[in-house]
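Please consult the sequence and the structure while reading the points below.

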Amino acid sequence: MLTKEVYERCAKRALEYLDKAGIALTEEEKKNIQVAEYDLDCVDTIGLELVVYVNTEKCCAKELILFPGQTCPEHRHPEINGEEGKEETFRCRYGKVYLYVEGEGKGEISAKISEGMEHCFTCMNEIVLYPGEQYTIYPNTLHWFQAGEEGAIVSEFSTKSRDEFDIYTDKRINPAGKRNV
Ligand code: ZN
């Protein structure tokens with residue numbers, strides 16, 4: 001559960017990372033940092049922090065902040081009422097991010113999956129993004145990502161974000177109950 005204590009600790013730490021990366025925010029944006037913890041009570045492992053710059057009918061832009069080893073759980077953005085699902089481009093701004101998408105992997109991956117959570121992460125096709133590198137994920141493609149040892153900041157550019165329709169591999173996650181990417 002996202003308690004006040006968890007929220008405040010994560011939001012404060014996210015601001016430190018944004019500051020380290022030299023990303024300027026307004027006071028309003030600082031107050032509106034979102035923390036996704038998915039009601040799994042392990043936010044330092046499965047979770048992330050977000051700053052939403054814009055989310056209109058046509059486009060969405062966010063900053064995603066991940067602490068060292070923090071992971072956004074595997075999910076996809078399906079078609080809704082005949083409208084294509086969300087398309088997203090992730091651009092690394094700080095640190096390093098291990099991104100996994102559907103497709104043939106090399107067998108070994110660099111990210112660490114917590115014991116007992118293996119069935120919640122099925123994509124093993126690894127893309128490593130360093131600052132200035134980006135990758136586009138097309139609609140309805142399964143994906144998940146994890147920050148490297150220094151944490152990561154990722155800018156996300158996408159079509160409209162409708163978190164409540166996202167489909168997670170980990171069926172404990174209720175998409176209507178959180179904010180996601
Ligand atoms: Zn996504």
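The model is predicted: local features need pLDDT of at least 70, side-chain atom pairs count only at pLDDT 80 or more, and totals for chains, interfaces and linings use all residues. Residues are numbered from 1 along each chain as its sequence is written, and side-chain values use heavy atoms, with hydrogens and water left out.

**Nonpolar cores**

- A nonpolar core is a set of buried Ala, Val, Leu, Ile, Met, Phe, Trp, Tyr and Cys residues joined through side-chain atoms within 4.5 Å; buried means under 20% relative accessible area, exposed over 50%, and partly exposed in between (1.4 Å probe, protein chains only).
- The largest nonpolar core has 32 residues, and those with the most contacts inside it are Tyr38, Leu48, Phe90, Leu99 and Phe145.
- At least two residues of this core come from each of β2 (48-55), β3 (60-66), β5 (88-101), β6 (125-129) and β8 (143-158), and β5 gives the most, with seven residues.
- Strands here are DSSP runs (E, at least two residues), numbered from the N terminus.
- Leaving aside neighbours within four places in sequence, Leu99 is in contact (heavy atoms within 4.5 Å) with residues including Phe90, Ile127, Leu129, Trp144 and Phe145.
- A second, separate core of 16 residues includes Tyr17, Ile33, Val35 and Val43.
- In soluble globular proteins, nonpolar side chains tend to be buried together.

**Pocket and cavity**

- On a 1 Å grid over the protein atoms alone, a cavity is a set of points where a 1.4 Å probe fits but cannot get out, and a pocket is an open set with protein on both sides within 12 Å along at least five of seven lines; lining residues have an atom within 4 Å of a point.
- Grid points are joined across faces, edges and corners, and a volume is the space filled by probe spheres set on the points.
- The largest pocket holds about 150 Å³ of space, and among the residues lining it are Glu57, Lys58, Pro139, Thr159 and Lys160.
- By class, the lining of this pocket has eight charged residues (Asp, Glu, Lys and Arg), two polar residues and one nonpolar residue.
- One cavity of 30 Å³ or more is counted; the space in the largest cavity is about 60 Å³.
- The lining of the largest cavity includes His77, Ile80, Lys160, Phe165 and Asp166.

- Glu149 is found in strand β8 and counts as exposed because its relative accessibility is 59%.
- Beyond residues up to four places away in sequence, Glu149 touches Pro68, Lys96 and Tyr98; a polar contact of 3.2 Å joins the side chains of Glu149 and Lys96.
- A polar contact is a pair of N or O atoms within 3.5 Å; within protein, one must be able to donate a hydrogen and the other to accept it, and residues adjacent in sequence count only if both atoms are side-chain atoms.
- Gln134 belongs to strand β7 (residues 134-137), and it counts as partly exposed because its relative accessibility is 43%.
- The side chain of Gln134 makes a polar contact of 2.9 Å with the side chain of Arg91.
- Lys160 lies in the loop between β8 and β9 (167-168), and its side chain is joined to that of Glu57 by a polar contact of 3.3 Å.

Conventions:
Helices (H or I, at least four residues) and strands (E, at least two) are DSSP runs, numbered from the N terminus.
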